[in-house]
Amino acid sequence: MRIMFLDDDPQRHQFVHDVLDEAPQHEITYVHTCLQATYALKSESVFDIVFLDHDLADNRNGAGYSDAFSQDTGLDVARFITHTLAANKRPHKIIIHSLNPVGALRMYDELKAYSLEVFRVPYGDDSFINVLDSIQRKH
């Protein structure tokens with residue numbers, strides 16, 4: 001299973017790595033920026049699952065969230081998936097794990113408008129851990 005995990009927080013990368021480390025059959029690509037994510041998505045193989053965060057480094061306002069006018073957010077990656085990536089290259093499943101409720105909803109709406117399989121599972125919720133556990137168990 002090919003997985004891409006987009007988040008600017010290295011601790012989140014480490015947590016996901018620790019949970020999925022026992023599943024060597026998975027090929028996991030960890031990316032920190034919008035640019036890295038778009039390069040990874042353009043690769044030869046399609047990702048089975050893509051995890052998207054909205055707020056990426058250097059794009060946060062004083063409240064800790066990126067505002068509606070920020071550039072280089074997870075929404076830009078969602079738009080890349082829907083507007084630039086060929087339909088046969090789009091991920092099979094997209095999980096939005098952002099804690100920014102407005103940003104997460106905007107990404108969700110963008111992806112659902114193209115009938116993609118998308119889920120809102122905030123990082124740290126029990127449901128997020130359950131998703132990782134279910135991936136880890138798949139062989």
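1. The side chain of His 26 reaches the backbone oxygen of Ile 135 at 2.7 Å. This is a polar contact, a pair of N or O atoms within 3.5 Å; within protein, one must be able to donate a hydrogen and the other to accept it, and residues adjacent in sequence count only if both atoms are side-chain atoms. The model is predicted: local features need pLDDT of at least 70 and side-chain atom pairs count only at pLDDT 80 or more, while totals for chains, interfaces and linings use all residues. Residues are numbered from 1 along each chain as its sequence is written, and side-chain values use heavy atoms, with hydrogens and water left out.

2. His 26 sits in the loop between α1 (10–20) and β2 (27–31); helices (H or I, at least four residues) and strands (E, at least two) are DSSP runs numbered from the N terminus. His 26 has a relative accessible area of 9% and is therefore buried (buried is under 20%, exposed over 50%, partly exposed in between; 1.4 Å probe, protein chains only). Residues up to four places away in sequence aside, His 26 touches Met 1, Ile 3, Ile 135, Gln 136 and Lys 138, contact being heavy atoms within 4.5 Å.

3. The largest nonpolar core has 24 residues, of which Met 4, Leu 41, Leu 52, Val 77, Ile 81 and Leu 111 touch the most other members. A nonpolar core is a set of buried Ala, Val, Leu, Ile, Met, Phe, Trp, Tyr and Cys residues joined through side-chain atoms within 4.5 Å. At least two residues of this core come from each of β1 (2–6), α2 (34–41), β3 (49–52), α3 (74–83), β4 (93–96) and α4 (101–112). The largest share, 5 residues, is that of α3. Another core, of 14 residues, lies apart from it and includes Phe 5, Val 16, Ile 95 and Ile 135.

4. Which residues of α2 are buried? They are Cys 34, Ala 37, Thr 38, Ala 40 and Leu 41. Seen down the axis of α2, its buried residues fall within an arc of 160°, so they line one face of the helix; the arc is that of the directions from the helix axis to the C-beta atoms. These buried residues pack against β1, β2, β3 and α3. On the other side of α2, Leu 35 and Tyr 39 are exposed.

5. Ile 95, in strand β4, is buried, with a relative accessible area of 3%. Its C-alpha atom is separated by 5.8 Å from that of Val 118, 23 residues apart along the chain.
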